[in-house]
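Subject: Structure for your files

Hello,

Please read the notes with the structure open beside you.

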Amino acid sequence: MEIKGATLLYTLAGLMITFAGFSALLLALRPAAGARLSLLDRYLAKTVMTYIFVLTAAALLPALLALYDIQEMWIWRCSGVLFALPMLSLQVTYPHRRRKAVGKGPPPAVFAVFVVFGSTVTLAMLGYISAGLQYSAAAYITALTIDFFTVIFGYLIALDVIMQQPMESFDPSAPH
């Protein structure tokens, strides 16, 4: 049984994994240029990968549930809950986790888009789908897409910050 939006979900999953690969390659450029990885570099890599894998799983989940001949209304409700809970947890705890890892919170633009806007969209999607409204598939896919673009936005802002950091040369004989 093919569900509404399956092609778009598969396309999103492919884009997400491609983005994860390119973001990891871009972060590998600093050490390749002889710079030491900063705490922010490491935190960014881990955060992007975590978010992207949650988003990719959410993109594939409706098709997986459809294999069990679950009614479409329940596919979107289950997918919405299974996507929203970990995503909201990541979104709302991001400032605390970043502060703990690198010593300071996110820039205001990242907080506004990545945390506030992203979590608002995720929560709105969960409420819409839980209510069983007509366009649950569209609400789910829209939230997934917006959350993906908030990750891209956060990554680009963080990448800009990283590129402005001084390039400390890497000495392989120095203690770590």
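**Cavity, pocket and helix contact**

By class, the lining of the largest cavity has eight nonpolar, two polar and no charged residues. Here Ala, Val, Leu, Ile, Met, Phe, Trp, Tyr, Cys and Pro count as nonpolar, Asp, Glu, Lys and Arg as charged, and the others, Gly among them, as polar.

This is a predicted model, in which local features need pLDDT of at least 70 and side-chain atom pairs count only at pLDDT 80 or more, while totals for chains, interfaces and linings use all residues. Residues are numbered from 1 along each chain as its sequence is written, and side-chain values use heavy atoms, with hydrogens and water left out.

The lining of the largest cavity consists of Leu44, Thr47, Val48, Tyr94, Val110, Phe114, Val151, Gly154, Tyr155 and Ala158. A cavity is a set of points on a 1 Å grid over the protein atoms alone where a 1.4 Å probe fits but cannot get out, and lining residues have an atom within 4 Å of a point. The space in the largest cavity is about 50 Å³, a volume being the space filled by probe spheres set on the points, with grid points joined across faces, edges and corners. H5 gives the most to this lining, with four residues; helix H2 (39-66), H4 and H5 each supply at least two. Helices are DSSP runs (H or I, at least four residues), numbered from the N terminus.

The largest pocket has a volume of about 160 Å³. A pocket is an open set of points with protein on both sides within 12 Å along at least five of seven lines. Among its lining residues are Lys4, Glu72, Trp76 and Tyr135, and helix H3 (72-102) and H5 each give two or more. The lining divides into six nonpolar, three polar and two charged residues.

How do H4 and H5 lie to each other? The axes of H4 (residues 108-130) and H5 (residues 136-164) come within 9 Å and cross at roughly 170°, so the two helices are roughly antiparallel (over 145 degrees). Axes are lines fitted to C-alpha atoms over the stretch in contact, and angles run from 0 to 180 degrees between N-to-C directions. The contact (heavy atoms within 4.5 Å) includes Val110 and Phe114 of H4, and Val151 and Gly154 of H5. Its residues divide into 16 nonpolar, five polar and one charged.

Regards

Notes: Parallel < 35°, antiparallel > 145°, perpendicular 65-115°, else oblique.
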